[in-house]
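Welcome, and please open the model in your viewer with the sequence panel beside it. We will go from stop to stop, selecting a few residues each time and looking at what surrounds them.

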Amino acid sequence: MCGIAGSTRPDPAVLEAMAARLAHRGPDGQGVWTGDGIGLVHTRLAVIDLSTGGTQPMRSPCGRWTIAFNGEIYNYRELRAELEAVGEGFATHSDTEVLLRLLMRDGLDALARLAGMFAFALWDAQARELLLVRDRLGVKPLVYGRLADGGIAFASEIDALRAHPGLDLGLDRVALSDYLACLYVPAPRTIHAGISKLPPGHWLRWRGGAIETGRWWRPQVTGDRRPSLDEAAEEVLPLLRQAVAARLVADVEVGCFLSGGIDSSVIAALMAEERKRQGGPPPKTFTMTFAEAAYDERDAARAVADHIGAIHTELPAQAETAGFLDDMVRHFGEPFGNPTALLIRDLSGMARRHVTVALAGDGGDEVFAGYPRYQGGVLQARLARTIPRPLRRLAAGAAGLIPENSAGRHVWRRAREFLSALGLEPAEAYASWVEYFDPGERAELLGQDGVPGRPLAQVYGAAPSAHPLDSMQQTDLETFLPGNLLAYGDAMSMAVALEVRLPLIDHRLVEAVGRMSADLRMAQGKKTILKAVARRLLPQSIVDRPKLGFNPPMGVWLGTSLAPLLRDRLTPARMGELGLAWAPVRRLLDQQAGGRRDHSLKLWSLLVLEAWERGATAPR
């Protein structure tokens, strides 16, 4: 895994500056290549083929094509064998060369043959054409911006792209509103008006100042197959084995994050199984522990590690984790309000002392239907069919009577949110559950008319299936997963040059589970299919154990270690400088301090916004 950047205005000093801002992603090597009308940058984290054979940017033998590639092609060995069978020769053992050869032969048609996580740029010197591509689900990031002369610049991170002159770095007010709604900026926008994210599963072609984009893959949660649960488990287990085994291919040490929940436990068990089959050492597993008992899962993780015979390490959350705020914002390059990013940064930094690659369970909730809100959506649809809308609206009006506090207990908040949405259409209801500042709050904060409504409702409405569970999972696979979970997973692990691999979002697994009926996916509650698989690998007590969720005790931190930040940074003057009204911020602070409402995530998101603006305007 690496960092990439480039420009159709190949100024060596600018390219070097971009490379310097990506050095953390690739500490094992740096390459800057310039051609006629193009410059490409690559910083390397050596994982496969540790020799200089994997050096990038990599040119084809004929000199026509040059590639800068970030990620891993897990099936590169199989692809290489296929290419060799038709006469292709190879000079290295890297997956980069396999990708380059495949693209030379098949162009965009090659993408369907790739299994992996990737973002890459391919320059065709003969056609004077630049191709940018991002993987199916958006594991690897890629941002770009148009230049005044009609050219284009791109990078793995916004901060690196900001080193390029000629980009419009003005604030996108719609993106700001979307950030307040989602706590991240959904693709294709970024917080900067002149920088865009290439969405997951998309390609971009630049030629002569013209840009063309297209979508080459989209998740399809359609639920059009109805196997039995045993048949589903029989189908899914080999796909999981394949996904885990493929992600163990590396020339460096690979470990596994283990929380004690079902997602990471299944991955760790399959990793141990594969290591035993290969005659290799037992897996190394890593668990973050907390002083706050309500957030700590060390006992459950230890039980899994003992069962599979792992070499297990417990890594205590650092007391100064919240102090990573400014560093976190720099790596995202824009406001990002999910505080779990702090934990991933901390966990990755400690795990990196032991391994270069780690497997993780991200995506399990989105693929296997693991969120409590999915049950709420199915129930809401049932109530909408049986209870007249006037009665549902009456119940929604009583939602404000449900008590809540700032102690981090979510059951009452979820009940209030569920009742509040009873009178809404399904798309609006679901968006109201997964968004934070609602349209009214955003309008009050931003002081502007015409604030966009709920940005995620449109995605829900465009889902290929009308079943509420299908639509919710489809929405999350297209928005919450890439924009939130995968974004912080990449940014925070690559901040310390740790490669994280995600077996549960192997596209073959996503496609197979997405075709299984919604009724089956929720037949025995959350993650029905994954639990059926897990019972073949793990003790019943582990499978049925409730999951806590990997979240920091933000409500506690805001009242203790982060209290000075709230006091010093969320002030009337500072909010005014950010273009935010003070009255609603003051109300949030008062209600949080009085224990009447849990606004911890909203307040944290405002702290992040303040830190981003301060960093964005500071000289580099």
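Start with helix 19, which contributes six residues to the lining of the second largest pocket, the most of any element. Before selecting more, a word on the ground rules. This is a predicted model, in which local features need pLDDT of at least 70 and side-chain atom pairs count only at pLDDT 80 or more, while totals for chains, interfaces and linings use all residues. Residues are numbered from 1 along each chain as its sequence is written, and side-chain values use heavy atoms, with hydrogens and water left out. Helices (H or I, at least four residues) and strands (E, at least two) are DSSP runs numbered from the N terminus.

**The second largest pocket**

Now show the space beside helix 19. The second largest pocket holds about 900 Å³. To find its centre, select Val185, Pro186, Ala187, Pro188 and Lys197, which lie nearest to it among the 47 lining residues. Then colour the elements that give two or more residues to this lining: helix 5 (173-182), helix 9 (325-332), helix 17 (455-461), helix 18 (468-478) and helix 19 (480-494).

For the terms: on a 1 Å grid over the protein atoms alone, a pocket is an open set of points with protein on both sides within 12 Å along at least five of seven lines, a cavity is a set of points where a 1.4 Å probe fits but cannot get out, and lining residues have an atom within 4 Å of a point. Grid points are joined across faces, edges and corners, and a volume is the space filled by probe spheres set on the points.

**The cavities**

How many cavities of 30 Å³ or more does a search of the whole structure find? There are five. The largest cavity has a volume of about 140 Å³. Select Gly116, Met117, Val139, Arg247 and Ile505, the closest to its centre of the 14 residues that line it. Strand 6 (116-124) and helix 20 (507-514) each supply at least two residues of that lining.

Return to Lys197, which you selected at the pocket. Val143 stands opposite Lys197 in strand 10. Strand 8 (residues 143-146) pairs with strand 10 (residues 196-197) in the antiparallel sense over two bridges; two strands count as paired if DSSP finds at least two bridges between them. Strand 8 also pairs antiparallel with strand 9 (residues 152-155), over four bridges, and there the bridge partner of Val143 is Ala155. Five residues separate the strands in the hairpin of strand 8 and strand 9, where Gly150 takes a positive phi near 90°.

**Another hairpin**

Gly35 stands opposite Ile38, and Gly37, in the two-residue turn, has a positive phi of about 85°.

Zoom out to the open sheet of six strands, with the order 4-5-6-7-11-12 and antiparallel pairing. Strand 4 (58-59) and strand 12 (210-215) stand at the edges with a single partner strand each, so one side of each has no neighbour in the sheet. Two bridges join strand 4 to strand 5 (residues 65-73), with Met58 opposite Ile67.

Leaving aside neighbours within four places in sequence, Thr96 is in contact with Gln56, Met58, Ile67 and Phe69, contact meaning heavy atoms within 4.5 Å. Is Thr96 buried or exposed? Thr96 is buried, with a relative accessible area of 3% (buried means under 20%, exposed over 50%, partly exposed in between, with a 1.4 Å probe and protein chains only).

Helix 7 has 13 of its 17 residues buried, so it is largely enclosed by the rest of the structure. Gly279 follows, with a positive phi near 75°.

For the last stop, pick Thr340, in helix 10 (residues 340-351). Thr340 counts as buried at 3% relative accessibility. Not counting residues up to four places away in sequence, Thr340 touches Tyr488, Phe550, Asn551 and Pro552.
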